[in-house]
Amino acid sequence: MGISTEEDPKERKNNKDSLDEMEMKVAKYSRGKAANLGALRDKKLKGQLAGKERLIGQSAKAAAQAEKWFLPIEGGYLEPEGLEKTYRYQQQSIVQEVDLLSSRKPFDMILPVLGPYTLEYTSNGRYMIVGGRKGHIAMMDMLNMDLIKEFQVRETVRDVAFLHNEQLFAVAQKKYPYIYNRHGTEIHCLKEHGKSLKLQFLDKHFLLVSINSFGQLHYQDMSTGEMIANYRTGLGRTDVMRANPYNAVIGVGHAGGKVTMWKPTSVKPLVTMLCHHGPVTAVAFDRGGHLMATAGVDRKIKIWDLRKYEVVHSYTARAQSLDFSQKGLLAGSNGSLVEIYKDSGGQDYKVYMKHRMIKGYQVDKVLFRPYEDICGIGHSMGLSSILVPGSGEANFDTFVENPVETRKQRREKEVQALLNKLPPETIMLDPNMIATVRQPKKKEKKTKKEIEEEIEDVVEAAKNTKVKKKTKGRSKPSKRAKKKEEEVLKAKRPLLDQYKETNGQPEKKQRIGDQSELPKALQRFAKNRQP
């Protein structure tokens, strides 16, 4: 009785495919065609070239193996065939085609009593916090799909936001924002913020930003508890606020159609843009910080280039919520419809996917999950999650964000973040200006003390000038003294005018006399002289 040693055809095909893939990668890293050594007669040169060719082949193979295990994974998008349209693909058909782990990520949680729901992810995309308008708060581990903590605050919840990691999160409740830990224990009550409508956390600066019902913007340092700034926007109540991930500038949308941008060290907004002819309903910033999407009641979604503050494209559509993914996809919600837009080149966004909720569900917030092809949806009847191929970054740097970090790695990262915390003064429109030398102004006025010192230097230099000796009585001591006085006055004259201006005594303007000639535009108003 013998055992068959025939290889399975399916396994043989897989091995052949992997070998072909490895050959393609080796060819990618090779340095062109190998040299023809058969025509060489010099044995020494032939041996040296053969050794080099062998080393080149080994390095190409090593680079191909490194790419297979370590180098970036290429992300993919939905690709239509023929006359197909990607926005016609349903979630059921997408789930059937993906791998087993990805097919478990879409879900629908029906919670009709406590909605509508808002949600927020951690920066590494592992944890999600959800808040129901009627007081329901829950925290989930999205990697294992486990419920960490769920509790009821028994009052209105308007917004939720994670702080530097999943250990602490902020909740904007009926009267004040509250800080909770991951076990649901109340840590702080931020009464200075008042009735907050929106929350944002700037992780590089450890600043919690809120805007309340009176249109007041608050910046509070979460590492020291100090209130950094408190500004009144002066444009009324608003619940549209978003942080620019590029420069940490806060964008606020107002009822008059304006979008203002703020930093904690400026009482007035850095930029005021008239974006819509009606109230602004949503604002979102691209990961690179140079694109901004706004939506308004005037049924317009506009894409703005923040380097020129100009509209790149404008689309006729409504949106209650907007969000950019890590790879540049734009999600917008309109009633029960969620639309995903993709850049087809030159910031020209076309419809990429559509997902319609059950009739009657009103979408409150759409948010892409970092490092995953997932879009989270908070609506009036609970929570949903859909697959959006190509939305998330396929590779992550464990020194920046690690979705599978351990407890020790999390503590080390927290300490490093506190040591590298940036001061509020570093928030500006162009962060590249940090650590550069400011160019001097063209007309920079000198201080009174500087002008006096300059006058003294000029007088000393004029007194020390040697007067040329002349003959025939022209070098008398009196004439030489007079000459020196003239030189001193001549040197002081241009500086005396500046001294008068700094001293608050500018020169009086000369009155226009009768003899002065008026311009042609004013001659008809001049009175005629009577003879």
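**View 1. Phe396 in a loop of the predicted model.** The structure shown is a predicted model. Phe396 is found in the loop that runs between strand β28 (382–387) and helix α5 (407–419). The relative accessible area of Phe396 is 38%. Because buried means under 20% and exposed means over 50%, Phe396 counts as partly exposed.

View 2. Phe396 is the residue of View 1, in the loop between β28 and α5.

**View 3. The second largest pocket and its lining.** The space in the second largest pocket is about 710 Å³. Its lining has 34 residues. Nearest the centre of this pocket lie Ser102, Lys105, Glu372, Asp373 and Gly390. Helix α3 (residues 91–97) gives the most to the lining, with three residues. Sorted by class, the lining has 15 nonpolar, nine polar and 10 charged residues.

**View 4. Lys300 in strand β20, shown with His276.** Lys300 belongs to strand β20, which covers residues 300–305. With a relative accessible area of 29%, Lys300 is partly exposed. In sequence, Lys300 and His276 are 24 residues apart. In space, the C-alpha to C-alpha distance between Lys300 and His276 is 7.7 Å.

Methods. Residues are numbered from 1 along each chain as its sequence is written. This is a predicted model: local features need pLDDT of at least 70, side-chain atom pairs count only at pLDDT 80 or more; totals for chains, interfaces and linings use all residues. Side-chain values use heavy atoms; hydrogens and water are left out. On a 1 Å grid over the protein atoms alone, a cavity is a set of points where a 1.4 Å probe fits but cannot get out, and a pocket is an open set with protein on both sides within 12 Å along at least five of seven lines; lining residues have an atom within 4 Å of a point. Grid points are joined across faces, edges and corners, and a volume is the space filled by probe spheres set on the points. Helices (H or I, at least four residues) and strands (E, at least two) are DSSP runs, numbered from the N terminus. Ala, Val, Leu, Ile, Met, Phe, Trp, Tyr, Cys and Pro count as nonpolar, Asp, Glu, Lys and Arg as charged, and the others, Gly among them, as polar. Buried means under 20% relative accessible area, exposed over 50%, partly exposed in between (1.4 Å probe, protein chains only).
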